[in-house]
Amino acid sequence: PSPGLLQRAAAAAAARPPPGDEEDLDPASLRGFDRLRLRDFGRAEVLALRSYFRRQLREHGEQLGGRGDGESAREFQHRVEEHWVAAQGRGSEWDFNTRRREARALAAAEETAGGG
């Protein structure tokens, strides 16, 4: 596991606009890793995860047999990501990175709500 993956992404995410300044997210339009945006992952964090798991995703895409007829590269990328995430079990490196980040965010929110 890479304990610093999302910490590095957080540094990059610091440059992103405050939540009110980001574009409105349409849940119906988000696919693949982009769905993490609905779970308060920033754009930089999603990109960091894509970069980190690139090799596994490429191999998984090959196992799926490549792009389907008429499927764009982006549609294929999202299909591979969704299929790959669904195959990740509890305790996987994916689970470790995404759950740990969510747990930190929840703890920070609780601390803020509790006054400190």
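Buried here means under 20% relative accessible area, exposed means over 50%, and partly exposed covers what lies in between (1.4 Å probe, protein chains only). The model is a predicted one, so local features need pLDDT of at least 70 and side-chain atom pairs count only at pLDDT 80 or more, while totals for chains, interfaces and linings use all residues. Residues are numbered from 1 along each chain as its sequence is written, and side-chain values use heavy atoms, with hydrogens and water left out.

On to the overall layout. The protein chain has five helices and zero strands, which reads along the sequence as α-α-α-α-α. Helices (H or I, at least four residues) and strands (E, at least two) are DSSP runs numbered from the N terminus. Of the 116 residues in the chain, 31% are buried. Taking contacts (heavy atoms within 4.5 Å) between residues at least 6 apart in sequence, 63% join residues at least 24 apart.

Salt bridges come next. With a salt bridge taken as a side-chain nitrogen of Lys or Arg within 4 Å of a carboxyl oxygen of Asp or Glu, the structure holds eight of them. Asp-34, Arg-50, Arg-74 and Glu-81 are linked in a network of such bridges. Within it, Arg-50 pairs with Asp-34, the closest N and O atoms being 3.0 Å apart. Arg-50 lies in helix α2 and Asp-34 in the loop between α1 (5–13) and α2, so this pair ties together parts 16 residues apart in sequence. Both partners are buried, Arg-50 with a relative accessible area of 12%.

Arg-50 also meets Glu-81 through a side-chain salt bridge (2.6 Å, N to O). Here Glu-81 sits in helix α4 and Arg-50 in helix α2, so parts of the chain 31 residues apart in sequence are tied together. Glu-81 is buried, its relative accessible area being 2%.

Another salt bridge joins Glu-82 and Arg-35, with 3.2 Å between the closest N and O atoms. This pair links distant parts of the chain, as Glu-82 belongs to helix α4 and Arg-35 to the loop between α1 and α2, 47 residues away. Glu-82 is partly exposed, at a relative accessible area of 24%, and Arg-35 is partly exposed too, at 43%.

Helix α2 (residues 43–52) also packs against α3: their axes come within 5 Å and cross at roughly 65°. Axes are lines fitted to C-alpha atoms, for helices over the stretch in contact, and angles run from 0 to 180 degrees between N-to-C directions. Arg-50, Ser-51 and Tyr-52 in α2 meet Arg-54, Gln-56 and Leu-57 in α3. By class, this contact has two nonpolar, two polar and two charged residues; Ala, Val, Leu, Ile, Met, Phe, Trp, Tyr, Cys and Pro count as nonpolar, Asp, Glu, Lys and Arg as charged, and the others, Gly among them, as polar.

Arg-50 and Glu-81 turn up again around the second largest pocket, whose lining also includes Arg-54, Leu-57, Arg-58, Gly-61, Phe-76, Gln-77 and Val-80. The elements giving two or more residues to this lining are α3 (54–63) and α4 (73–87). Its residues divide into three nonpolar, two polar and four charged. A pocket is an open set of points, on a 1 Å grid over the protein atoms alone, with protein on both sides within 12 Å along at least five of seven lines; lining residues have an atom within 4 Å of a point.

Methods: 1 Å grid on protein atoms, 1.4 Å probe; cavity = no way out; pocket = protein on both sides within 12 Å on 5 of 7 lines; lining within 4 Å.
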